[in-house]
Amino acid sequence: MAYSAGNKIGFLASVFAGALISVSALAADTQTLSGTHEVPANTSAATGTGSITVAADKSVSGSVTVTGMTPTAAHIHEAAAGKNGGVIVPLTKSGDNTFAVPAGTVLSDAQYAAYKAGNLYVNVHSKTNPGGEVRAQLTPAK
């Protein structure tokens, strides 16, 4: 089949659109952690950024980094926004202010369903706020 210039442009446009979709899907995995998302909310000036990814095979990867606080621990918890829940994945300290998901972490079927429903969050704890100083809800890509 011969391709005309119009076909080539259409093909390139569809490849470019696919690339944009991939970039936006990756951006959905980026979280911004703050004290206003904690329960109860706090006025900490600390902030955090993270990239926690949950794949279709239920594997979890990523890390969070905080500034403006001295972190003591970080976890992924199961609960809806506005609620607190139990720890399901303890994160490993990998730097002064950075925590990573341990290699090989896989969610159970129930935990994965909670993730898909928007009911997992990541937070970082400190001595000042032992229940959690900064938090972000993990939102699955649409």
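**Entry 1. Core**

I take a nonpolar core to be a set of buried Ala, Val, Leu, Ile, Met, Phe, Trp, Tyr and Cys residues joined through side-chain atoms within 4.5 Å. I note at the outset that the model is predicted.

With that definition I looked up the largest nonpolar core and found 24 residues in it. V64, I76, L91, L107, V122 and V124 have the most contacts inside this core. I then listed the elements that give two or more residues to the core: strands β2 (47-54), β3 (60-67), β4 (71-78), β8 (120-126) and β9 (134-138), together with helix α2 (109-116).

**Entry 2. Chain as a whole**

I recorded two helices and nine strands, in the order α-β-β-β-β-β-β-β-α-β-β along the sequence. Of the 142 residues in the chain, 34% are buried. I also looked up the contacts with a separation of 6 or more, and 57% of them join residues 24 or more positions apart. The accessible surface of the chain is about 7,900 Å², and carbon and sulfur atoms account for 62% of that surface.

**Entry 3. Surroundings of L107**

Leaving aside residues up to four places away in sequence, L107 is in contact with V54, K58, V60, I88, V89, Y112, Y115 and L120. Three of these names, K58, Y112 and Y115, return in the entries below.

**Entry 4. Aromatic pair**

I found one aromatic pair in the structure. Stacked would require planes under 30 degrees apart, and edge-to-face over 60. Both residues belong to helix α2; because they are three residues apart there, about one helical turn separates them. I checked burial as well: Y112 is buried at 17% relative accessible area, and Y115 is buried at 5%.

**Entry 5. K58 and its partners**

I counted one salt bridge. The side chains of K58 and D109 form it, at 2.7 Å from N to O. The pair links distant parts of the chain, since K58 is in the loop between β2 and β3 and D109 is in helix α2, 51 residues apart. I noted K58 as partly exposed, at 23% relative accessible area, whereas D109 is exposed at 56%.

K58 also lies over the face of Y112, 6.0 Å from the ring centre.

**Entry 6. A further charge over a ring**

I recorded R135 over the face of Y121, at 3.4 Å from the ring centre.

Terms used: Residues are numbered from 1 along each chain as its sequence is written. This is a predicted model: local features need pLDDT of at least 70, side-chain atom pairs count only at pLDDT 80 or more; totals for chains, interfaces and linings use all residues. Side-chain values use heavy atoms; hydrogens and water are left out. Helices (H or I, at least four residues) and strands (E, at least two) are DSSP runs, numbered from the N terminus. Buried means under 20% relative accessible area, exposed over 50%, partly exposed in between (1.4 Å probe, protein chains only). Contact means heavy atoms within 4.5 Å. Accessible areas come from the Shrake-Rupley method with a 1.4 Å probe; for residues, only the protein chains shown count as cover. Rings of Phe, Tyr and Trp (its six-membered ring) pair if their centres lie within 6.5 Å; planes under 30 degrees apart count as stacked, over 60 as edge-to-face and the rest as tilted. A charge sits over a ring if NZ of Lys or CZ of Arg is within 6 Å of the ring centre and within 35 degrees of the ring normal. A salt bridge is a side-chain nitrogen of Lys or Arg within 4 Å of a carboxyl oxygen of Asp or Glu.
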